[in-house]
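I set down here what I looked up in this structure, entry by entry. The notes follow the order of my reading.

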Amino acid sequence: MTCHSPIDLLVLTNYWFGSLSASEEEKVEDHLIDCDSCSQLLERIIRLAGLTGDLARSGSLLMVVPDSFLDQISKEGFRVREYAPPLGGAIDCTVTAEDDFLIGRLAADLRGAARIDLCICESDGSLKLRLEDIPFDPNGGSVAFQQSITYAKAAPSETMIARLVAVEREGREKLLGEYTFNHTRTMPGPPG
Amino acid sequence: MEKNCSDADLARQVAASQDRESEDALLRRFAPRVRLYGRRHLRDESAAEDLVQQVLLITLEALRAGKLREPAKIASFVLGTCRMTVLDFRRNAFRRERLLQELGGHTEIVQLPTSPEYDPTQLAHCVQSLKERDRTVVVMSFYDEHKGADIAATLGISDSNVRIIRHRAIRQLLACMGGSE
């Protein structure tokens, strides 16, 4: 079962995503048809791919998402609830049983930033979670942040503060924007 | 016994004796590999299962009829049959679709082993533990199988950077889900 010349994970991954040249692909297939060990590794990658895709569809991940992803899920018929508080301002928000995705859109001037962190804070401003070095489009003018819909549907009424912070090479930090989300629970459940 | 037997030995046994046990062993061995080929090229689970059935039937028929002159080259024969059959599927996609509707999920010659099971809760934890960029890249890659170039354009990074990040994230996920590469 052990392979004496296993295919590198990078090559297998690129094979699955169709990123290899025709001759490289042929070599990989010549090997895979003869090798259970490498086939099983590819099987695990495919399994991961499928389940990760399902996770993405569940709306339960806490992450920054590109607009292309939001376009795609909308086209697929998912219901996306998006809140865009003004820079430095607050917005009242909620989530209903029919919603599939919950997005906070944080508008800011992102030009010139080398690295941006997204800080999720409690209502008193204390840091709850810091997402470091988030992906962003420097010319996009905003960051779309997906809150876990599973969490939001179960959460009590609460206030969350989001901050976008630019981190410079010397480690200095600059606040790009602060946004307050006043979440009101509208779904039945235990009191918060 | 079966595990110690090479693919070529099994193919020779099938060709020589048409022994049912050897045939089953050979089919069990190649079925998962052919299915992977099908999933990669057809991007459809049920089409991949159809490919397995068709390729293994052709292989068995060739061995029984003594058409495979060099059983040592069984893997090459199976791979070549996979390639031809996928081309054939693409040419006859319409006809295949009609047959599938007519016949539904009919009898299978091979019971395929199931894929390794992963716990979705653990996977969610593992995905959440990735670095921000890595998470976005891997989720975008696996959601609807976005092309590297599309992700690169969306995130303002290079295509090769996407490949490196994707590779790093998958390595981390596999480790997090248990077991080595």
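I began with S3(A) and strand S9 (residues 173–183) of chain A, which pair in the parallel sense over four bridges. I took strands and helices as DSSP runs numbered from the N terminus (helices H or I, at least four residues; strands E, at least two), and two strands as paired if DSSP finds at least two bridges between them. Within this pair, Asp92(A) lies opposite Asn182(A) of S9(A).

I noted the provenance: this is a predicted model, in which local features need pLDDT of at least 70 and side-chain atom pairs count only at pLDDT 80 or more, while totals for chains, interfaces and linings use all residues. Residues are numbered from 1 along each chain as its sequence is written, and chains are lettered from A and ligands numbered from 1 in the order in which they are written.

I then traced the whole sheet: five strands of chain A form an open sheet of mixed pairing, in the order S3-S9-S8-S5-S6. Strands S3 (90–93) and S6 (127–131) of chain A each have a single partner strand and stand at the edges, so one side of each is left without a neighbour in the sheet. Neighbouring strands here are turned by 25° against each other on average, direction ignored; axes are lines fitted to C-alpha atoms, for helices over the stretch in contact, and angles run from 0 to 180 degrees between N-to-C directions.

I turned to another open sheet of chain A, with four strands in the order S1-S7-S4-S2 and mixed pairing. Its edges are S1 (63–64) and S2 (80–83) of chain A, each with a single partner strand, so one side of each lacks a neighbour in the sheet. Helix H4 (residues 67–75) of chain A packs on this sheet and touches S2, strand S4 (101–107) and S7 of chain A. The direction of H4 makes about 140° with that of S2(A). I counted a contact where C-beta atoms, placed from the backbone, lie within 7 Å.

S1(A) pairs with strand S7 (residues 142–147) of chain A in the antiparallel sense over two bridges. Met63(A) has Gln146(A) as its bridge partner in S7(A).

Lastly I asked: is Tyr37(B) buried or exposed? Tyr37(B) counts as buried because it has 24 C-beta neighbours inside 10 Å (buried is 20 or more, exposed 12 or fewer, partly exposed in between). Tyr37(B) sits in helix H2 (residues 20–42) of chain B. Apart from neighbours within four places in sequence, Tyr37(B) contacts Glu29(A) and Cys82(B).

Technical notes:
Contact = placed C-beta atoms within 7 Å.
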